[in-house]
Amino acid sequence: MATSLIPLSSSFLQPLKLKTLAKPRSPDLSITRKIVTTCDSQKNTGKSNPSSRNPNFQKRQNSSKYGTSRRSILKKSFLQEQVTFTARISDDPHVAIIGGGMAGLVCALNLEARGVQSTVFDTGIHGLGGRLGTRIIEPQGLIFDHAAQFFTANDSRFIKLVDGWLEKGLVREWKGVVGELEIGGSFSQFPQSSSPRYIAANGMRSLADSLLLESQMVNLVRPCWISKLEPLNGMWHLSENGTPRGQFDVIVIAHNGKCANRLLSASGLPLVAKQMKKLDLSSIWALLAAFDDPLPTVNFEGAFVKKVESLSWMGNNSTKLMKSGNGGSPHCWTFFSTAAYGKQNKVPQENIPTITAEKVRAGMLHGVEIALGLPEGSLPKPIYTRLQLWGAALPKNTPAVPCIFDPQGRAGICGDWLLGSNLESAALSGESLGNHIADFLQNSEANPEEFAIGLHDRLSPLAGHDIGQFPGLTSVGEKEEAKAYQLL
C-alpha cells in the first residue's frame, strides 16, 4: 500500500469542541474541520443542499427508478440497475463515509493524508466508535465497555498505529489477569508469552472520540441516520429521512447489518449490495451489571467462559480501567452471551419484550453462577443492570479482501468483516480503502475497471471467539498442543 497508517499527533484527551458543520464542498483543501452534533431536519444551508445546484432535484428525486416501492430489500438489491458515472471527477473531490467506527475513521484519516477531504456520518448519540462502545451511568459513576473488551496487534501496520496511540496516552497495555474459565470455577490464565492486550485509557469509546480531534479535512456529522443514496448529475446525493445531507464524489459504507442492506437496496449498486448481503452476522446479548462487593471466588479481570450456554465472556470494568489495578466499589461487570444463546433468544433489538429481557437477564446471571461454581441463587444481587442485544454483533464469514470498491458507481465498503473479526481488521480495511480511493481519484486517466476490487469474491466461514478474534492470544491448551506438535 502506498501509505501506511497515520501516526496521530494531537492532544487527544482534551474536550471535544463543537462547532457548526462546514459546507461539504470547498475549493480550499486546508479547510478547518467542523463538527455537528445534531442533524436538525429543518436546517440546511449552502452547498449541503442538492437543490442549490439543481433546481429540479426534488422532481427528479420523486421519479427516480431507485425509489423505495419495491417489494423486498432482497429483490431490490439484486434487480436494481447498475449506476455508471461517466462525468469527470471534480478537482476538489469529497468523500462521504457512512459509519464512524474504527474502519470509517481510519479511512477518513488516510484520505486526509492523501489530500482528500471527507465527511463522516455517524448515528452515535453519545460518541463515535461503533463496537468501541462505552456506557457511563451517572450519577453513580458506573462505567462499562459494552462492546469491544480489548484488542491485540499482530500486523506491522496496525502495530505502528497502536504505538502512536500509546505515545499519546490514548491506549495502554492491559496487564490484568485474563484467561479461560471452565464450568465450576476452574480458571486458566493465558501464558505471559501471548500478545500484549490493549485497552483505551478511559473506556473503549474514548479512543474513537479522540482520533479526529486534529484532523483538518474531515467533517463529522452525528447523530445522523443516512437513509437514502441518490445518484444524480455525476454525484452522490445523501439524505436523512428526506432532508438533504450533501453531495459527494464517492461514498463509503463503513457499517453493516440490516441498516446497510436497506441503504444499498435501492442505491443502484447491485454488486456492492450483493456482497454486503452475503455477510452473516451473529447476535449476542450484553448484560451490564454492577455489584457492591467483589464476586465470590473470582481471581481474574477477564475470562472467556467455556461450555456455559448463556455466557461466553465476563470482564470486570472497574479493575480493568483503574491504572492502579485495585478495583473499588461498585464492581462493574460486562457479561456476553454465546452466539448460540443470542440466536435462540433473538428479538427486535429496538423493542425488546419485557418477558424476553427478564428471561435473558436471569439466564445470564445463572450462567455466571455455573461458570464460577456457585450454588444456584447465591450470586449477590446486582445494584444495577442493563441488558442490550447486539443484533448484528460480529461477522461469521469473510471474503478475505481488505476492501470492496465499485469504480463505475464510485462506492466502496470497509469494515472488519472483510478481513476478520477484530479491531485490527477494521483499521487495516479502512486504511486500504482510503488509499485505494485516493489512488482512484488521483489517476483520472486510468481505466476505472482497474480499480474494481472485492466485487465477486466468495465468503468463507470465520473462526474465533464468540466476541471476536484476538491475533496472538494463546490459551494454555493451544500452547501445549503447539509444543506437542513440535516434538513430533
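Me: Which residue lies over the face of Trp174, at 5.5 Å from the ring centre?

Reply: Lys320 does. This is a predicted model, so read every value as computed from it. A charge counts as sitting over a ring if NZ of Lys or CZ of Arg is within 6 Å of the ring centre and within 35 degrees of the ring normal.

Me: Which cluster does Trp174 belong to?

Reply: Ring pairs link Trp174 with Phe150, Phe190, Phe304, Trp313 and Phe470.

Me: How many aromatic pairs does a search of the whole structure find?

Reply: The count is 19. Take Phe150 and Phe470. Their ring centres are 4.3 Å apart and their planes meet at 20°, so this pair is stacked. The cut-off for stacking is planes under 30 degrees apart.

Me: Where do Phe150 and Phe470 lie?

Reply: Both are in loops. Phe150 is in the one between S5 and helix H4 (156-167). Phe470 is in the one between strand S23 (460-461) and helix H12 (476-487). The pair therefore ties together parts that are 320 residues apart in sequence.

Me: Are Phe150 and Phe470 buried or exposed?

Reply: Both Phe150 and Phe470 are buried.

Me: Is the pair of Phe405 and Phe440 stacked or edge-to-face?

Reply: Look at the angle between the planes. Over 60 degrees counts as edge-to-face. For Phe405 and Phe440 the planes are at 65° and the centres 5.1 Å apart, so the pair is edge-to-face. It links distant parts of the chain: Phe405 is in strand S21 and Phe440 in helix H11 (residues 423-441), 35 residues apart.

Me: Do Phe405 and Phe440 count as buried or exposed?

Reply: Check relative accessibility. Buried means under 20%. Phe405 is at 0%, so it counts as buried. Phe440 is at 6%, so it counts as buried too.

Me: Which residues touch the most other members of the largest nonpolar core?

Reply: Met102, Phe158 and Trp165 do, in a core of 65 residues. Leaving aside neighbours within four places in sequence, its contacts include Gly129, Leu132, Trp165, Leu207 and Leu211. Leu423, Ala426 and Ala427 are also in contact with Met102.

Me: Now the backbone. Which residues does the cis peptide bond with omega of about 5° join?

Reply: It joins Glu138 and Pro139. Pro139 lies in the loop between strand S4 (134-137) and strand S5 (142-145). Now check Arg222 and Pro223. The peptide bond from Arg222 to Pro223 is cis, with omega near -10°. Pro223 lies in the loop between strand S10 (218-221) and strand S11 (228-232).

Me: What is phi of Asn233?

Reply: Phi of Asn233 is near 55°, a positive value in a residue other than glycine. Asn233 sits in the loop between S11 and strand S12 (235-240). Exposed means over 50% relative accessible area. Asn233 is at 53%, so it counts as exposed.

Me: Where does Ala400 lie?

Reply: Ala400 is in the loop between strand S20 (397-398) and strand S21 (404-406). Its phi is positive, about 55°, although Ala400 is not a glycine. With a relative accessible area of 54%, Ala400 is exposed.

Terms used: Residues are numbered from 1 along each chain as its sequence is written. This is a predicted model: local features need pLDDT of at least 70, side-chain atom pairs count only at pLDDT 80 or more; totals for chains, interfaces and linings use all residues. Side-chain values use heavy atoms; hydrogens and water are left out. Helices (H or I, at least four residues) and strands (E, at least two) are DSSP runs, numbered from the N terminus. Buried means under 20% relative accessible area, exposed over 50%, partly exposed in between (1.4 Å probe, protein chains only). Rings of Phe, Tyr and Trp (its six-membered ring) pair if their centres lie within 6.5 Å; planes under 30 degrees apart count as stacked, over 60 as edge-to-face and the rest as tilted. A nonpolar core is a set of buried Ala, Val, Leu, Ile, Met, Phe, Trp, Tyr and Cys residues joined through side-chain atoms within 4.5 Å. Contact means heavy atoms within 4.5 Å.
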